[in-house]
Amino acid sequence: MFGFKEYVCVMQLHKSVDERRLLEVIKEFIGKIYQKPPVRSSVKRALRIRTIYYIDVLEVNHPYVLMRIGCEHGTYMRKLCYDIGLVLGVGAHMRELRRTRTGPFNEDKNLVTLHQLSEALYAYRELGDESMLRKVIMPIEYAISHLKKVVIRDTAVEAIAHGANLMMPGILRFHDSIRKGDLVAILTLKGELVALGKALVSSKEMAELSKGMAIKTDRVVIPKGLYPRAWKRKGEGK
Amino acid sequence: MSTEEGLKFIEELDRFGEINYRWVVKDEEETDPKYGYLPTKRPLNYYIKYGIINLDKPPGPTSHEVVAWIKKMLNLRKAGHGGTLEP
């Protein structure tokens with residue numbers, strides 16, 4: 001879900017290098033790279049391919065190199081620095097790291113400290129003021145803000161809350177760029193996140209078809225019972 | 001709670017997510033204010049339970065510890081984090 005990451009890191013070179021060669025080698029790591037997860041990792045240590053979208057060298061102050069790197073989630077910055085050092089021939093390691101973006105959340109997006117959270121809680125518990133808490137905490141919908149979205153009728157909500165797939169008649173509106181297989185967020189008309197799913201058809205088909213399954217429901221978020229059931233239970237008469 | 005408010009909130013989500021896909025409107029309907037909530041207007045306990053914090057984690061404690069603290073602070077049974085930096 002949070003497929004995109006950005007980091008700012010300090011790489012330390014073990015010997016001096018010509019700056020032009022340094023920039024040339026760094027450029028080689030932009031695009032698809034091979035990586036094997038380090039020993040201290042929670043994933044299976046198989047060789048895998050990851051994508052580096054960009055590396056901006058912000059400052060070179062030997063032996064330190066300050067870089068901003070945009071990459072696919074699951075890309076290890078420590079290994080990247082080590083491998084850059086290998087290719088350069090002098091060796092290098094990651095000295096410092098800060099993640100500056102996860103999916104839609106970067107440092108400009110309502111970044112708060114534990115201290116601010118604690119103050120907001122105090123304002124609520126002691127003074128009855130909810131407003132700070134509501135600023136520090138965002139509705140979960142912001143976590144899917146970067147995804148393609150489909151808005152559904154009220155009558156379709158509870159079925160999905162029970163794990164049903166989304167059928168065409170339930171759809172009211174959707175982004176025009178959905179392709180078959182895309183991860184999509186299913187929302188109510190109020191903007192509530194109902195579930196995450198996988199598109200079984202494209203936007204074009206969604207627009208044209210009036211029957212059939214549109215989205216396979218993968219992960220239900222909305223609680224059951226918030227919206228009324230719109231289907232008959234077994235044994236219910238006409 | 002109007003349908004218009006809901007659609008405006010969804011527009012705001014697109015802006016926050018920095019996407020500019022266009023919308024295809026297949027059908028229009030009004031949402032019943034009796035059920036559900038505009039996310040920003042959820043009653044506080046529900047707002048917190050279905051909430052997310054963009055936290056600038058201090059370098060000392062682990063993400064795991066910080067999540068545990070936040071669970072205690074907010075009285076939550078479940079909470080998670082978006083991934084750790086390497087050790």
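**Exercise 1. How many aromatic pairs does the structure hold over all chains?**

Solution. This is a predicted model: local features need pLDDT of at least 70, side-chain atom pairs count only at pLDDT 80 or more, and totals for chains, interfaces and linings use all residues. Residues are numbered from 1 along each chain as its sequence is written, and side-chain values use heavy atoms, without hydrogens and water. Rings of Phe, Tyr and Trp (its six-membered ring) pair if their centres lie within 6.5 Å. Over all chains, the structure holds nine such pairs.

**Exercise 2. Classify the pair Phe105(A) and Phe16(B).**

Solution.
1. Planes under 30 degrees apart count as stacked, over 60 as edge-to-face and the rest as tilted.
2. The ring centres of Phe105(A) and Phe16(B) are 5.7 Å apart and the planes stand at 65°, so the pair is edge-to-face.
3. Phe105(A) sits in strand β6 (residues 105–106) of chain A and Phe16(B) in helix α1 (residues 3–16) of chain B, so the pair joins two chains. Helices (H or I, at least four residues) and strands (E, at least two) are DSSP runs, numbered from the N terminus.

**Exercise 3. Decide whether Phe105(A) and Phe16(B) are buried or exposed.**

Solution.
1. Buried means under 20% relative accessible area, exposed over 50%, partly exposed in between (1.4 Å probe, protein chains only).
2. Phe105(A) has 8%, so Phe105(A) is buried.
3. Phe16(B) has 11%, so Phe16(B) is buried.

**Exercise 4. Classify the pair Tyr227(A) and Tyr35(B).**

Solution.
1. The centres of the Tyr227(A) and Tyr35(B) rings lie 6.3 Å apart with planes at 45°, so the pair is tilted.
2. Tyr227(A) is buried at 2% relative accessibility.
3. Tyr35(B) is partly exposed at 25%.

Definitions and conventions:
Chains lettered and ligands numbered in written order.
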